[in-house]
Amino acid sequence: MEITREATDEELVEKTVSGTVIRTVNLKIRRYNPEVDEEPHWETYEVPVTPGDRLLNSLGHVKGYIDGTLTFRRSCAHGICGSDAMRINGVNRLACKVLLKDLLTRDGEEVTIEPIKGLPVLKDLIVDMEPFFAAYRAVKPFLIAYGNEPTKERLQSAEDRARFDDTTKCILCAACTSSCPVFWNDGEYFGPAAIVNAHRFIFDSRDQGSEERLEILNDAEGVWRCRTTFNCTDACPRGIEVTKAIQEVKRALLFRRV
Ligand code: SF4
Ligand code: FES
């Protein structure tokens with residue numbers, strides 16, 4: 001596919017190049033450099049896009065061709081590493097999974113891009129993830145097994161494996177936790193992602209640490225803070241039924257039957 005640079009010279013163009021429509025789009029990005037800025041501010045960049053471009057491509061265009069100081073996290077570019085969660089047109093998404101054409105309903109429209117909410121902004125679109133990972137570590141997201149080392153692998157039926165299949169898909173992107181109003185207002189709340197990762201082991205038939213995890217989540221900042229707003233489920237790029245997982249942990253706590 002051939003892409004011509006002339007497309008960037010017009011305010012808004014639709015141009016056919018080898019059958020591909022190219023247009024320019026304005027990205028309005030919340031910028032903050034703690035070394036020079038007292039407050040965050042918005043800057044707008046005009047970038048050329050083709051129908052197949054994802055937002056991450058366009059952020060790369062800004063950084064590569066317009067302003068090299070723009071700072072954001074990314075790694076895999078394929079929705080697996082979870083490093084590029086950001087607030088896109090007011091909704092948490094992974095920049096590498098969002099097609100620009102899906103964000104634009106009419107010519108000349110802007111796309112707004114901000115860091116995810118509820119975590120301290122370090123620079124531009126990068127937040128400090130440590131509070132998020134501290135909550136994750138607190139729920140002991142690993143298999144706990146007591147007694148002697150087994151002499152063979154721990155077997156599990158397909159039905160038992162299916163019990164927690166959904167929550168194994170988490171990539172720790174924080175899109176859910178940082179879309180939760182309870183988390184915004186109370187940074188102490190464990191948040192949906194930590195509960196999802198607790199769920200993954202609480203319902204694992206091979207695990208013996210469920211009681212410990214349930215006690216941790218029974219805390220004042222634990223699972224009972226959830227107000228079932230479903231923001232987390234809507235935000236999850238892996239399609240995990242986050243609210244349902246939280247409800248299952250609540251039920252397990254009520255009935256202590258896992
Ligand atoms: S549950 Fe979904 S949104 Fe939340 S951290 Fe895991 S992958 Fe991201
Ligand atoms: S860059 Fe890895 S999930 Fe988007």
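With 11 C-beta neighbours inside 10 Å, T228 counts as exposed, a residue being called exposed if 12 or fewer other C-beta atoms lie within 10 Å of its own, buried if there are 20 or more, and partly exposed in between, with C-beta atoms placed from the backbone. T228 sits in the loop between α7 and α8, and its phi is near 55°, a positive value in a residue other than glycine. A174 likewise is not a glycine and has a positive phi, of about 75°, but A174 counts as buried because it has 26 C-beta neighbours inside 10 Å. The place of A174 is the loop between α4 (158-162) and α5 (181-185).

This is a predicted model, in which local features need pLDDT of at least 70 and side-chain atom pairs count only at pLDDT 80 or more, while totals for chains, interfaces and linings use all residues. Residues are numbered from 1 along each chain as its sequence is written, and chains are lettered from A and ligands numbered from 1 in the order in which they are written.

**Overall make-up**

The chain holds nine helices and eight strands, where helices (H or I, at least four residues) and strands (E, at least two) are DSSP runs numbered from the N terminus. Of its 258 residues, 38% are buried. Among the contacts in the chain with a separation of 6 or more, 63% are accounted for by residues 24 or more positions apart, a contact meaning that the C-beta atoms of two residues, placed from the backbone, lie within 7 Å.

**Helix α1**

Helix α1 covers residues 55-66, and its 12 residues should span 16 Å at 1.5 Å a residue, which agrees with the 15 Å between its end C-alpha atoms; the expected span is 1.5 Å times one less than the number of residues. The buried residues of α1 are L55, L56, S58, L59 and V62. Seen down the helix axis, the buried residues of α1 fall within an arc of 165°, so they line one face of the helix; the arc is that of the directions from the helix axis to the C-beta atoms. In general, an α-helix has 3.6 residues a turn, so residues three or four places apart point the same way.

Axes are lines fitted to C-alpha atoms, for helices over the stretch in contact, and angles run from 0 to 180 degrees between N-to-C directions.

| Helix pair | Axis separation | Crossing angle |
|---|---|---|
| α6 (residues 192-202) and α9 (residues 242-255) | 9 Å | about 60° |
| α3 (residues 130-138) and α6 | within 8 Å | roughly 25° |
| α6 and α7 | within 9 Å | roughly 155° |

Angles under 35 degrees count as roughly parallel, over 145 as roughly antiparallel, 65 to 115 as roughly perpendicular and the rest as oblique. At its crossing angle, α3 is therefore roughly parallel to α6, and F132, A135, Y136 and A138 of α3 make the contact with A193, A194 and N197 of α6. The helices α6 and α7 are therefore roughly antiparallel to each other, and here I195, A198, F201 and I202 of α6 meet S210, R213, L214 and L217 of α7. The pair α6 and α9 is therefore oblique, with P192, I195, V196, A198, H199 and I202 of α6 in contact with V242, A245, I246, E248, V249 and A252 of α9.

**Helix α9 and A245**

Helix α9 has 14 residues and reaches 20 Å from its first C-alpha to its last, close to the 20 Å expected at 1.5 Å a residue. Buried in α9 are V242, T243, A245, I246, E248, V249 and A252, and what covers them includes α6, α7 (210-217) and α8 (231-235). Just after α9, R256 takes a positive phi of about 45°.

One of the residues of α9 is A245, which is buried because 25 other C-beta atoms lie within 10 Å. Leaving aside residues up to four places away in sequence, A245 touches D166, T167, I195, V196, H199 and I240. The C-alpha atoms of A245 and F164 are separated by 9.0 Å, although the two residues are 81 residues apart along the chain.
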